[in-house]
Amino acid sequence: MPAPGVVEAASTALLRWVGGAGLTARSGPPTAGAPSASKGPDGPGPKKADVHVWLIGLLPEQGLRPVTGVDPVRFRMRFLLATARADDVATLDLLLTVAAAGPHLPVFDEVPAHVWQSAGVPARPAFCVDVPGHLDRPRPVAPRVTAPLRIDTLPIRPLAGVVLGPRDTPVPGMRVESADRTQVAYTGADGGFVLDGLPAGRDVRLRLSGRGLLFHHNVTADAAAPAVIRCEIKEA
């Protein structure tokens, strides 16, 4: 026989909890007409139920981060606890006393009218308890590695260049960086710079800024070294 699910287990536990207070309980809404039957303590014979334990909703668990990956799905099961008779104040008092000291604190929210209408019984004083629950999610199984590991490497190279202004005058203090801004250098007094770690055999796009200028320059893979970059700087 399969093990009970999380909802069935919670409902059974609540019925036992109510029964521990000397009350007879039944799972499901109160019923109109004939008294509800529940298993009595002295045998399988029917006994009038004092309390009905009724699951009326599943609510998201509050105060937790969103479910991701293989984290369990967490939620709350809201059970309505109602007396079998609308005028059974003594049973309601006993139930409240037990609930105050029990594992699940009572929740005093107004019971919507449609809940009673769906059961076909008049509204009556009642309260709810929230029981936490969770469902474990299956963990994905990583596939076995059946082939040797392969590491692909990308050859890199330094790129040397020089930035020249009008009449081939070196331009110092220019910021030179790769287009993805992972490599940065500044031109020296001779206008020269070196960028390390650029991919070999590929064209490189550079971004240059400084001295009031901002422009781009493409250096082809077969360009002579050092790469010469010319910029126009207006003389004062």
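## Ground rules

A residue is buried when its relative accessible area is under 20%, exposed when over 50%, and partly exposed in between, using a 1.4 Å probe and protein chains only. By that rule His104 counts as buried, because its relative accessibility is 18%.

This is a predicted model, in which local features need pLDDT of at least 70 and side-chain atom pairs count only at pLDDT 80 or more, while totals for chains, interfaces and linings use all residues. Numbering starts from 1 along each chain as its sequence is written, and side-chain values use heavy atoms, with hydrogens and water left out.

## The chain overall

The protein chain holds 3 helices and 14 strands. These are DSSP runs, numbered from the N terminus: helices are H or I with at least four residues, strands are E with at least two. Of its 236 residues, 32% count as buried.

A contact means heavy atoms within 4.5 Å. Among contacts in the protein chain with a separation of 6 or more, 62% come from residues 24 or more positions apart.

## Two nonpolar cores

A nonpolar core is a set of buried Ala, Val, Leu, Ile, Met, Phe, Trp, Tyr and Cys residues joined through side-chain atoms within 4.5 Å. The largest one has 18 residues; Leu14, Val18, Val53, Phe79, Leu81, Leu95 and Phe127 touch the most other members. At least two residues of this core come from each of α1 (6–19), β4 (51–60), β5 (73–83), α2 (89–100) and β7 (126–135). A second, separate core has 17 residues, including Phe193, Leu195, Val219 and Cys231.

What does Phe127 touch, not counting residues up to four places away in sequence? Its partners include Phe79, Leu81, Leu92, Leu95, Ala99, Pro106 and Phe108.

The 12 residues of α2 should span 16 Å at 1.5 Å a residue, and its end C-alpha atoms are 16 Å apart, which agrees. The expected span is 1.5 Å times one less than the number of residues. Thr91, Leu92, Leu95 and Ala99 are buried in α2. Seen down the helix axis, the buried residues fall within an arc of 100°, so they line one face. That arc is taken from the directions from the helix axis to the C-beta atoms. They pack against α1, β4, β5, β6 and β7. On the other side, Val89, Ala90, Thr97 and Ala100 are exposed.

His104 sits in the loop between α2 and β6 (106–107). Residues up to four places away in sequence aside, His104 touches Leu14, Trp17, Ala99, Val129, Asp130, Val131 and Pro132.

Two strands pair if DSSP finds at least two bridges between them. An open sheet of 3 strands runs in the order β11-β8-β14, with mixed pairing. Its edge strands, β11 (192–199) and β14 (227–230), each pair on one side only. Neighbouring strands are turned by 35° against each other on average, direction ignored. Axes here are lines fitted to C-alpha atoms, for helices over the stretch in contact, and angles run from 0 to 180 degrees between N-to-C directions.

Strand β8 (156–164) and β11 run antiparallel and are joined by 6 bridges. Gly161 stands opposite Phe193 in β11.

## Backbone exceptions

Most residues other than glycine have a negative phi, and most peptide bonds are trans. Arg167 has a positive phi of about 55°. Arg167 lies in the loop between β8 and β9 (175–178) and is exposed, with a relative accessible area of 69%. Arg211, in the loop between β12 (204–210) and β13, has a positive phi of about 55°.

The peptide bond from Ala225 to Pro226 is cis, with omega near -5°. Pro226 lies in the loop between β13 (213–219) and β14.
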